[in-house]
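Notebook open, model loaded. I want to go through the strands and helices, then the ligand site.

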Amino acid sequence: MNTPNQLNSNKKYKVLFVCLGNICRSPAAEGIFRHIVKENGMEEHFVIDSAGTYGGHAGEHPDRRMRTAALYRGYGLTHSSRQVRSLDFLDFDLVIAMDDQNYEDLMHLAPSVEATHKIRRMASFLTTHRISYIPDPYYSGSEGFSLVLDLLEEACQNLYDKIINSEI
Ligand code: 4NP
């Protein structure tokens with residue numbers, strides 16, 4: 001028997017996706033996860049956001065290359081970049097890191113041991129792709145953005161299923 005989560009007690013389930021700049025991977029994860037939640041008519045049961053460990057792009061829209069690649073698959077990305085903060089660990093139920101460096105940075109930022117238990121690796125939700133992190137596409141060509149979207153679509157669907165089934 002799975003442990004009940006926030007959804008069972010009629011509370012919103014709050015998910016924060018985190019990468020380095022919050023202009024490529026995490027806003028794409030946010031947009032894809034929003035799309036899945038909306039498709040399932042569950043919008044009022046979720047709070048979904050994204051942030052970066054680096055604040056240098058704060059206020060910027062997602063990278064044009066990612067916006068174009070995402071829109072091609074039907075995801076409009078409208079997020080404004082912001083830096084992750086330690087208070088996010090109080091607000092969110094899950095804080096999901098795209099790669100190992102994001103994971104380490106979040107571990108250091110977490111205000112308590114309990115808060116570190118909210119941190120997960122996005123790649124841990126992959127089932128068919130054999131890769132342990134979501135690669136940074138910033139210095140890649142269009143194939144890098146396409147790969148990131150492939151990985152995020154699978155991970156987001158599996159994450160959604162786990163939450164709905166109270167497995168997380
Ligand atoms: P993201 O990609 O972490 O997926 O948003 C990057 C964005 C910006 C930089 C690196 C990665 N940068 O070096 O500015």
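This is a predicted model: local features need pLDDT of at least 70, side-chain atom pairs count only at pLDDT 80 or more; totals for chains, interfaces and linings use all residues.

I looked up F17 and found I96 in β3 as its bridge partner. Strand β1 (residues 13–19) runs parallel to β3 (residues 94–97), with 4 bridges joining them. I'm going by DSSP runs here, numbered from the N terminus: H or I of at least four residues for helices, E of at least two for strands. Numbering starts from 1 along each chain as its sequence is written, and side-chain values use heavy atoms, with hydrogens and water left out.

Next, the whole sheet. I get 4 strands in an open, parallel sheet, ordered β2-β1-β3-β4; pairing takes at least two DSSP bridges between two strands. At the edges sit β2 (46–52) and β4 (119–121), each pairing on one side only.

Then the helices. Helix α1 (residues 25–39) packs on the sheet and touches β1 and β2, its direction making about 170 degrees with that of β2. Contact here means heavy atoms within 4.5 Å, and angles run from 0 to 180 degrees between N-to-C directions of axes fitted to C-alpha atoms, for helices over the stretch in contact. I also found helix α6 (residues 142–164) lying across β1, β2 and β3, at about 155 degrees to β1.

Last, the ligand. Residues around it (a heavy atom within 4 Å) include C19, R25, D136 and Y138. For polar contacts (N or O pairs within 3.5 Å), I noted a polar side-chain atom of H57 at 2.8 Å from a ligand oxygen. Polar backbone atoms also come up: one of L20 is 3.0 Å from a ligand oxygen, and one of I23 is 3.0 Å from a ligand oxygen.

Notes. A polar contact is a pair of N or O atoms within 3.5 Å; within protein, one must be able to donate a hydrogen and the other to accept it, and residues adjacent in sequence count only if both atoms are side-chain atoms.
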